Structure formats: C-alpha cells, structure tokens
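Open your viewer and get ready to select a few side chains. We will go from ring to ring, one stop at a time.

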Amino acid sequence: MTLDGGVIPHVLCHRCSRIIHSDWVQERLARLEPWTSTSTWTLDGDAGQEEKLRFFHSESLEELEASAAAGCHLCTLISKKNQYFEWFKDEEHTGVVQVVACAGHSSVWLETSRIQELEIEEDMPHDLPGLDGWLEERYNQSLDSPGAWIMDDFVTVQLRKVQSDTYSLAGPDSNFPLSASSDAPQVLESIQHWLKDCVDNHPECNRYSSTQKGPTATWLPTRLIDVGEVPGKLAPRLVISADEGLAQKKAHYLTLSHSWSISTKPHNLKLETENMTQLQDRIPLDDRLSKTFRDAMKITQQLGCRYIWIDSLCIIQSGTEAKDDWKREGLTMSDVYGHSRCNITALGTGGNDGCYTPRNPLQTSPCRIKVCDEKSAIYAVNSLLENTFTENVEQSPLFKRGWVFQESVLSSRAVYFGAPQLFWECRRQAFAESWPFKTGTPRVQQRLTEPTLRATGDTPFSSKTVFEALCNAEEQQTDGPLEQDDRAKHLIEHTFPSFLCWEKIVKTFIGTSLTFTSDRLFAMAGIARAIEHFRSFTYVTGTWRELYPLDLLWRFTRELGERKNVVSGSNAPSWSWAAKELDMQESLKNIARSGKNTQRPAHWDGNKRYLVESVTSVAYLSQLVKFPNPPFESKYRPDKEGEITIDLKGRVCKGFVKTELGIQDIPQDRLYVAGQDKAPVIVHMDDDTPADGLEVVLVLLMEWEGLVGNYWKRQFQAGLVLVPAKDEGDKGGSTIYRRVGAFRTGELSECPVNAFDGSEMEEVLGIC
C-alpha cells in the first residue's frame, strides 16, 4: 500500500493478521515481559519441552512475496533473512510456506520456512485452519519417514514488548508513510533524537568537551567548511576558524569519514595552495564536488550544525605548503575527531558515491503488532537484520582503511550511511533502524558491554567502547617503586585490563591497510595522543611505559617459511610491533597470557573480570631502566636518523636458535641454551631463522603461575630474543641489541621446560 511514493507501516495482510490475532499467540503476547538487554529466547514449557504452534501461510514463496509487495509489513520481514540471503527460486525448490510460532519469556517469535515439494492438492481443505491441521498431520507423519519433510533455511521474526520511553520520539510509532530512501524526514528525526539524547545524557561521550582549556573558547580545527546559515540552502565556503572567531562563539562542527578514492579522483575538488583563496570565497556545488561531500554538508545543516570538517578540503593536498600542512594537521586528529559533535560515516557500499541509499523501508523498520497500553507496545523485528552492524560497517571496505579506523575510535558519536539501513553508535549505545530502541539488542548491544572482558575474544567488538574503557580506567597512583607483591597485584588489577584494551585496538588496526606503510605509526598518532591526554601515560612508537612488560611481548603468528624480513617503513625500533609490515590476515598474539582460560583469582571481586588465565602469582623479573623520550614528533613518526633505545635490566642467558621439525613434523624455532644439557626452549622469531642456526641472547621479563584446565598449576616464563645490533665497547659504551623474537615457556603444546633456572646473572641491555 503506497501513498505519495511512501509506504504505510504496520499494515498486515489477512493471513498474517489471523496468525497474530489467534488465541494462542495473543495469550502468549499477554504474558510477555518488557524486552531488555538481558532478555533471552528461553522457550516456555515444562522440562525443556518446546511450546510451538504451526500455521499455514502461503501456497508458494511467490505468493508470500506478492503479499510483501502489496504492503504487508510482516510479510516483508519474514520474506527476507538479510541483504545477503535469497530464497532459491527454481523448479527444484517449490513448496508451501509455513509459520511456526514459538513462545518464550521475553518474546514470541515466528519461524518462516518453505517445505520442499509439499504442495496443496485439489481434494484438500482450502480454508486456512484446515490447512493448519493438514500441515501438522504431515509433519507428524514425517517423524517416521526421514527425508519426507525438508525445510529450506528459515527466517525468524521476533515479537517483543517495548516500553514507550525506550524508543525515539520519531521512532516507529507513527503511521506516516516511510520513504524508500535513507534521505527521509523520519530518518533525520531519529538521528536528531539520538544525537540530542547523547549530548544531554552521556558524560562519557562528552569527555573532550568537558576538558576544554578555558570556559570562554572551544577547541576547533584550523579550517572548517561553513555550509551556509540558511536552512535548506547550501552555500559552502572554506573558513579559517581563528579568523572567524569560531572558538569564542563555541561553534560546533561535524566530521566526515569516507572512501579515499573520492579524494584521489583527478577531477574531484580538493584543497590546494593555489585554490585556497577561491575556496574561501565559495566551494562550487558542481560535479567536481563529490556527491558524498554534498550529502554530508546537507546532513550537517539538518542536524543543526553550520560547520563540517572534511580532510581533503581542510588539509592542503598539493602545492608548496602541502607537506608541512599535513605534518602539522596530522598530529591534531585526536582533537579533530574527539571534539566533533558527530562523525558522518559514508560507507560507500558497492563503490557508491553518496550517503543515501534506496531500500524497502518496511524491511528496516519494526512492525507494531499490538498496543498494550499507554506505556508499552509489541513490535516485530527481523532478528538477523538488526544484527548486521558487523557485516555492514566493521567488515565494509571503508573500515579496511587504517585512517578510518582511527577516526572511528576517536569520534564519540557516529552515524553510518550507505548500508541497507542506518546505524548509530556512541560510547554508550548502538542503534539500527530495524531496532531503534534503548533496550539493547543481541550482538549490537553486546558490543558495548564488559569491554575489558570481551576485548580479546571472538565476541563482537566496539572500538569506541574499548577505547573509552582504556581512557577511563581507574589507575592506582603509586609513590616510588613497588614491592614485588604490590607490583604483581598492580599488574593484575590495573595493567592487565588496560593492556587488553590497547592490544585489541592494535590488533584491529594492523588488519587495515595504508596507502603508505610509512604512516603505520602516524595513522595511530591521534589515538595515542588521546590516551596520553586522559591517562597521562608515556608513549613512544606504539608502546606504553605503563604497560611494561606486557607491551613488549607481542609476536607474529605467521607460519615458518612465510615470515619475510619486511620492514614497515615506519622507522620504528625493533622492540615496537610497528617495526615490521604485517599482511591483513595476520595479527599479533601476546604471549603473556593464556588464550582461552577465563578463570580468575579468588581475590578479584565481581567487577574485575579480565579475560586472562587464572593467575595465582606474578613476578616481575626485569626493570625498565630507561624509557626513551624522543622529540615530540618522533614519538609518532620516527625519522631515519633517530635511534630510539630502551634499557632493560634482567636475567640473561645465551644460546642458539634453529628450525627443527617438532610434533607431527611441524617446523618449530628451538633455542638450545648454552652450557645446559636439557630440552630446547620453543621461541617465536620475528623472521625466518637461518638454517645453520643463530646465536641469540634471551632476557627474562616476567614469570607467573597459573591454572591449566582450571586445576593444574603450572609455571610460565616470558621474555625477548635479542641479537647484537652494534658494539660500542671501544667508545666506552656497551653492546646495543635488537629484538628478533619472543618466547614463552610453560605451554603444554609447545614448551614444558623453562629457559631460566635462577642461576643467571643480571645485566643491563640496551635495545634499539
């Protein structure tokens, strides 16, 4: 049913209506509890017996889709699983469509499936209740005849009870027509509501604005785009924030994340030394200006802002001043995105230039099934369509860009355009058009819970929330050196959770790509500077002094024979993960913790659950004697001539490493400790080991005991593998080493023996 090009929501065909209004479904809807972030799909019934009722819906898939095309909201939801799923449509895939209603404590859900090769015959009843009985009879008969009842993949729609104060004022509670484009008034109203609610009620999302240097001015980028002061009429021009006095006016601005291909097209408009004056007069709204940029400017006006920051229009891209401008502006990204009112993210799905996408609005909007009272109503939602944030956003080509990942982490709020539906994310909440309620959704909302616990697992990951947890972690301040027991407790209760968050950010970042590998550290500079600001940590080339020793124990997870000595071009020291270039499929795996054991020490309370092994004791066995303090820019972008060295004091042993076949003929790097007659230690080299062996030095950083399998206590050791880089003994100095690998002992599958037995001497080693 259409009206003026729009689609009326919440309309049901007679077949869906009779299912919804059946006594069985109505009785169970009346028992529903309000849906919350902790609600589950637990089935009703005694002793685990499922409570279900089968309904006949359509003679064929074509009939179901025809009903959806005619405007039935529920048929639209149950006829498509998500944007990647299509029913098979050929002669081999025919049959009637059934809907099985299932009841749970927090929802009633409808499972729609096609029964292959099951068709209505002439002598059968043609009334719908009669067909319900026929379907149930055929199903019961099939229990004794395997293969007689074959269902296609089914689509699930949930019916949930929602409190009226949990959805936006412009949410799905109206009967106004829905537009077939994401450029629609009701979409805009939802964004406006989410933005206002976040600005007014989320202190964690206003962290940057609450740390302004003065009460009379707001931090602003050097340049902004003024989109025009007349609503609905774009008149963009480039402005210099200081010249316009925008900081004193406390102006707000938005930012834009977009595909870099837009900026690199030869004919597209960009800021150059030569055209700066012209762009300050006006930015032409012709084909030279990307449609994505024009759409973003329009959205900026609609959200009540007058200014937007777009990288290629606000940073000089070519000309005599371009290089110096980029070096200066590139180090302000933490402020540019941190102070942004909201980041517009144009996903550019399918290579599209533009923010808006056509879609079926009934597929991306909940269907109101029943108004319970003034405070609650029941909505139907496609349970898989609401959970497509990972597929649409995090796995999109745009998020493979390293710079975009940083923009996503730093911005407190983001609205994602260009996917089949609109998404919103801030540091507290996530919404999708298909579920715009403040009740939490499976996976979407799970991304925003217990970030330190979930950071290293395979659960959905929210970069914003992990970053927030890292910046907002409570750090115990210490006066002077800690005793061993206190250092161990500090490691477990403070260093571990912060490290897990940082490690997750790094692991995700290295899975992205950069046009210039020399930008590997520079593209993380904004994140690092923000953490420095909020935690007062000391950062150098990807590593934090406060996360020592964990932050030095990274390793590559490449197979032997595939580890090429590929320098990243970042000029990072060997002890930094940024020293080597990693392929997109590769990741870092820290070796100072167990991968799967989630037990926790008895002295941890319920709020200190971290995804680490059950550690029973920890011992620091090294000291960070000197952590470098290079010039400001070298922390984020080391130069070729500079040498950044750390000094460690720890127990040292020597030996040689060579590659040998281990269990099941799998190649392993094995270290034979000099002067000791015992089994070799398994080490993890950064590059392939020479066939004739390599003389190395091991330095022990830490040792701990943990439970294996929840009951077997085992000792672990971890440290670095080094080789001499240069000998400065003739200058009165000492040997400087470089890192070539790391080791961890104690793993049953790798190395049951320890590398160190306590007889080793301590030395101070410089590592470059």
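How many aromatic pairs does a search of the whole structure find? The search finds 16 aromatic pairs, where rings of Phe, Tyr and Trp (its six-membered ring) pair if their centres lie within 6.5 Å. Planes under 30 degrees apart count as stacked, over 60 as edge-to-face and the rest as tilted.

Please keep in mind that this is a predicted model, in which local features need pLDDT of at least 70, side-chain atom pairs count only at pLDDT 80 or more, and totals for chains, interfaces and linings use all residues. Residues are numbered from 1 along each chain as its sequence is written, and side-chain values use heavy atoms, leaving out hydrogens and water.

**First stop.** Select Trp 309 and Tyr 337: the ring centres are 5.7 Å apart and the planes are at 80 degrees, so this pair is edge-to-face. Trp 309 is buried (under 20% relative accessible area; exposed is over 50%, partly exposed in between; 1.4 Å probe, protein chains only), with a relative accessible area of 1%. Tyr 337 is buried as well, with a relative accessible area of 1%.

**Next stop.** Select Phe 509 and Trp 577, an edge-to-face pair with 6.4 Å centre to centre and 75 degrees between the planes. Both Phe 509 and Trp 577 are buried.

**Then a cluster.** Select Trp 502, Phe 537, Tyr 539, Trp 544 and Tyr 636, which ring pairs link together.

**Last stop.** Select Arg 739 and Trp 554: the charged end of Arg 739 sits over the Trp 554 ring, 3.4 Å from its centre. A charge sits over a ring if NZ of Lys or CZ of Arg is within 6 Å of the ring centre and within 35 degrees of the ring normal. Arg 54 lies over the face of Tyr 139, 4.0 Å from the ring centre.
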